[in-house]
Every structure is written in structure tokens, then in C-alpha cells.
Amino acid sequence: MKITVFCGARFGNQKNYGETARLIGNELAKRKIELVYGGSTSGTMGAISQAVLENGGKVTGIYPEGLFEDELPRKNTTSFIQTTTMAQRKELLISSGDAFLILPGGLGTLEELSQLLSNMALGIIPQRKIGILNINGFYDNLIQLLNNFIDAKFMDALRKDDLLISADYQVLLEELTASESKSTKQELSA
């Protein structure tokens, strides 16, 4: 199984963001789940990929050529794919994962999640499970915004089986890797 992780090229202002990324990396390696991620050595991206590699796991890094001066690509991955644009990178990140895990991040992480949800809603890509790690209530406002979209009828209700939200990464990993998927449509809730 491959899980694409969207997260920050920075550590953020909470110590547990980086610590949790490392713990997730350890767990992915232990469970023999391949990490697919944005290919950087920086921030939580660097922390999760380093932890997977240190524990003998597989990592696919997908990195845009020459776009960043302040972050370096991690080329010592199991598989390293270099793209020429951010759009190519995002397309490969989305197409490569069997499931997705969203950690705290910035605008890039928000854009990736938004495109993922849009592409699934439009049927451009098949429905796959998405786990949002809501550490310290980081995504509370986003969850409320998605509920507002649903309430205002600008968006269909999301299936709780496919969009999973928890502050506990172990719960999310269990649910993301569970083989059964129910098809009941229910509204999103925090």
C-alpha cells in the first residue's frame, strides 16, 4: 500500500507537528506502507521521510526541479521523481496514493487537499480515503468551512468513510488501511 502525505516544508510553531511526523514515519515503515510525498528534506516533509528511511521503509519523493532555493530535495529515497512544474508534482502525488494523509501545513497543503476533494467530487479520480490529522485543532476552521459549503448546497455531503478526521494519527492509519469501505453518504463533522 502507498499513502500520499501532504504536509509542510516548515515545522510550524508547535513542537508536536515535527514529532508527530516522525512518529508517523516510524509507523509507516513498521506497517510496510510506502510513503509518497513532496520530496523535500525540509520541515515535516523531511521529518516523516527521514523516519521512514531510518526504519527501513520505502519512500517515493516527487520534487519540482529548480523551484525552491531554501529547501533541498531528498534524493536518497527508494524512488525519486523530478518534475518540471508544481502541477506535474501534484498530479503524480495524487495519482500515486492508495490513500491520503493530510498533516498541518500551509497554502500548498491546502491547495493539494482542495484539488484532491474537487477531483474526487468531479469523478476525475476514483474515491479514495483521506485522513486529516487535526492536531491541536489545526483544521477545525477548515472542517467548519467544508460544512458551510455542504449546508449552503455548494458541495455534496462528504462520506465519513472516505474523509476521516482525528487528532490521533494511529486511528487515522488504522482507518486508512482498513480494507472495508462503506458507501453510506453522511455529512462531515468535526
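Helices here are DSSP runs of H or I with at least four residues, strands are E runs with at least two, and both are numbered from the N terminus. This is a predicted model: local features need pLDDT of at least 70, side-chain atom pairs count only at pLDDT 80 or more, and totals for chains, interfaces and linings use all residues. Residues are numbered from 1 along each chain as its sequence is written, and side-chain values use heavy atoms, with hydrogens and water left out.

View 1. G56 follows α2, with a positive phi near 80°.

**View 2. Helix α2 is largely enclosed by the rest of the structure, because 9 of its 12 residues are buried.** Buried means under 20% relative accessible area, exposed over 50%, and partly exposed in between (1.4 Å probe, protein chains only). The buried residues of α2 are G43, T44, M45, G46, A47, I48, S49, A51 and V52. They pack against β1 (2-6), α1 (15-30), β2 (34-37), β3 (59-64) and α3 (86-96). A contact means heavy atoms within 4.5 Å.

**View 3. Strand β2 runs parallel to β1.** The two strands are joined by 3 bridges. Strands pair if DSSP finds at least two bridges between them. K2 has E34 of β2 as its bridge partner. E34 and V36 point one way from β2. L35 and Y37 point the other way. All four residues are buried.

**View 4. L145, F149 and F154 form a nonpolar surface patch.** Together they have about 330 Å² of accessible area, by the Shrake-Rupley method with a 1.4 Å probe; for residues, only the protein chains shown count as cover. Patch residues have over 30% relative accessible area and no salt bridge; like charges are joined within 9 Å, nonpolar side chains (Val, Leu, Ile, Met, Phe, Trp, Tyr) within 5 Å. A salt bridge is a side-chain nitrogen of Lys or Arg within 4 Å of a carboxyl oxygen of Asp or Glu. F149 sits in helix α5 (residues 140-151). F149 is partly exposed, at 35% relative accessible area.

**View 5. The protein chain has 6 helices and 7 strands.** From the N terminus, the order is β-α-β-α-β-β-α-β-α-β-α-β-α. Buried residues make up 46% of the 190 residues.
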